[in-house]
Amino acid sequence: MKQFTMRLDKKHQRPVVVLKNGLTALLDTGAYIPVWTDDEEILTSYLGAVFVRDNIKLSGFGGTAYGNLYRVNIDLGGIVYPNMHIIANNDIDASFNFILSAAMFDGLIYQIDTVNHVLNIDVPDTESIVRNLRIESRDGRQFVLCNGIKQE
């Protein structure tokens, strides 16, 4: 088993992870879809995100919202999400850059340690640190699929 630890921002009461590149992300255990909450220009120019499709429907945030779908490479403290799907919606009033969804950690063990201000993520030997996360639509419903990509 491999363990990864990321620092939590002490300024927030909620679990907001501080990433190496200076961005911050809220770990939302109730969220299904990763959401970019900041300016899309930062997502495309700073992180190199590639636009996929516009007008994607999201549920939550007190109702229904819409955003643009992107693919982006994200490194969360050593856990890598290549070409991860993320929906951008900067209408959300947030003090962080994006929302990490619980679906991103499917098959992993995570612990939010508010005493020591860290997020610990254990990757079992049956899983990989390279994760494959996709948002797909079937019959008008969205599905988030996340699994490890085994390295040979």
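1. Start with the contacts. Take those in the protein chain between residues at least 6 apart in sequence: 55% of them join residues at least 24 apart. Keep in mind that this is a predicted model.

2. Now the surface. The protein chain has 152 residues, and 47% of them are buried. Its accessible surface is about 8,300 Å². Carbon and sulfur atoms account for 45% of that area.

3. Look closely at strand β10, residues 118–123. Are its residues buried or exposed? Six of the six are buried, where buried means under 20% relative accessible area. In a regular strand, side chains alternate between the two faces of the sheet. In β10 both faces are covered. One side carries Val118, Asn120 and Asp122. The other carries Leu119, Ile121 and Val123.

4. Which strands pair with β10? Strand β1, residues 2–7, runs antiparallel to β10, and six bridges join the two. Here glutamine 3 stands opposite aspartate 122 of β10. Strand β9, residues 109–113, also pairs with β10 in the antiparallel sense, over five bridges. There aspartate 113 stands opposite valine 118 of β10.

5. Finish at the turn. Strands β9 and β10 form a hairpin with four residues between them. Which residue takes a positive phi in this hairpin? Histidine 117 does, with a value near 55°.

Conventions
Residues are numbered from 1 along each chain as its sequence is written. This is a predicted model: local features need pLDDT of at least 70, side-chain atom pairs count only at pLDDT 80 or more; totals for chains, interfaces and linings use all residues. Side-chain values use heavy atoms; hydrogens and water are left out. Buried means under 20% relative accessible area, exposed over 50%, partly exposed in between (1.4 Å probe, protein chains only). Contact means heavy atoms within 4.5 Å. Accessible areas come from the Shrake-Rupley method with a 1.4 Å probe; for residues, only the protein chains shown count as cover. Two strands pair if DSSP finds at least two bridges between them.
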